[in-house]
Amino acid sequence: MQLKKLVSALATSCLLPVVGTTHAQTQAAGTAANYPGKPVHIVVPFAAGGAVDALARMVAPGLGESLGQPIVVDNRPGAGGNLAADSVAKSAPDGYTLLLTTNGHAISPALYRKLPFDAVKDFSPVTQLLATTLILVASPGFSAANTRELIALAKTKPGALNYGSTGIGNPLHLTMELLKTSAGIDIVPVPYKGDAPLSAALMSGEIDVAVVPLATSVQNIRAGRIKALAVTGARRISSLPAVPTIAESGIPGFDSTSWQGLFAPAGTSREIVERLQREIAKALNAPDVRERLTGLGGDIVASTPGEFETKFKADLAMFARIIREAKIPLQD
């Protein structure tokens, strides 16, 4: 309920129109000395009301106040996030069009047969805003109570168990596939069109297990509507301290989380990129924003551009390996 109210409030209070500009205006405003001289657009590759959209709208007021210009949140869902990424890749490198996305951006190069952009060469990493906890959950009547029991059950019944998936190659899907390959088990994916129908299927026992974001599942876990088996990251979380990590539960070294990060088009001046990182760090660490994000299971990172670039490139290699080992077919 807390998440639902927060997302609803953000979505209704901050829907802003896209402000068009001419090429001449873009060129005139694209220098670090007079930046920003007009509204800054943050392109989100998901529909309004989702977690990434909510994050954009949460930081927009503070960022806009620091920069002295409105922040326009521009939702462009479609093509697994690639539609939004392509639009930003082809935007002027002037700091006025930015991409706020997930680590799905590090997955796309290995997942898709062909992309209309280069995920590395066409973007300048600005900052990783958050690290988002994922959690392995099960239907309330599922016989396994933890990861060890899940692995043992799956090995006695190869291909008999199933897991819910909201899309091929997204971080949730790949985390589950990493678990399967790491444990040497076979669990069959069942596709759903979003978090809501997947959660309903879990609660009803239609599916056995799934990897889901903590933010959208914590209330159902606390209410006993779904069962938490393990945290997918490297450490336990304060909101569910009794839930062990997968690494503690039979797969040493297992660590898979999601992130939300900001990119600018390649060629954006270093001064603008660094200023954006500093101002976003301030917006994230405002007491009210920090409290909301912590309550939803997000760890504020606010990394430097260099730190984020290192993280991004490491994830590119990791996800390429997972996709290869899981034998996930290339998508068109």
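Visitor: Which residues are linked with Arg 275 in a network of salt bridges?
Guide: Arg 275 is linked with Glu 279 and Lys 282 in that network. Bear in mind that this is a predicted model.

Visitor: What's the N to O distance between Glu 279 and Lys 282?
Guide: The salt bridge between these two side chains has an N to O distance of 3.5 Å.

Visitor: Where do Glu 279 and Lys 282 sit in the fold?
Guide: Both belong to helix α10, residues 270-284. They are three residues apart, so about one helical turn separates them.

Visitor: Glu 279, buried or exposed?
Guide: Glu 279 is buried, because its relative accessibility is 9% and the cut-off for buried is under 20%.

Visitor: And Lys 282, buried or exposed?
Guide: Lys 282 counts as exposed, at 53% relative accessibility.

Visitor: Changing topic, how many salt bridges in the whole structure?
Guide: The search finds 14.

Visitor: Which residue does Arg 292 form a salt bridge with?
Guide: Its partner is Asp 288, with 3.9 Å between the closest N and O atoms.

Visitor: What's the accessibility of Asp 288?
Guide: Asp 288 has 42% relative accessibility and counts as partly exposed. Arg 292 is partly exposed too, with a relative accessible area of 33%.

Visitor: What about Arg 321, which residue does it pair with?
Guide: Arg 321 forms a salt bridge with Glu 325, and their closest N and O atoms are 3.4 Å apart. Both lie in helix α12, residues 305-325, four residues apart. Arg 321 is partly exposed at 31% relative accessibility, and Glu 325 is partly exposed at 40%.

Key: Residues numbered from 1 in each chain as written. Predicted model: local features only at pLDDT ≥ 70, side-chain atom pairs only at ≥ 80, totals over all residues. Heavy atoms only, no water. Salt bridge = Lys/Arg side-chain N within 4 Å of Asp/Glu carboxyl O. Helix = DSSP H or I, 4+ residues; strand = E, 2+ residues; numbered from the N terminus. Buried < 20%, exposed > 50% of the residue type's maximum accessible area, 1.4 Å probe, protein only.
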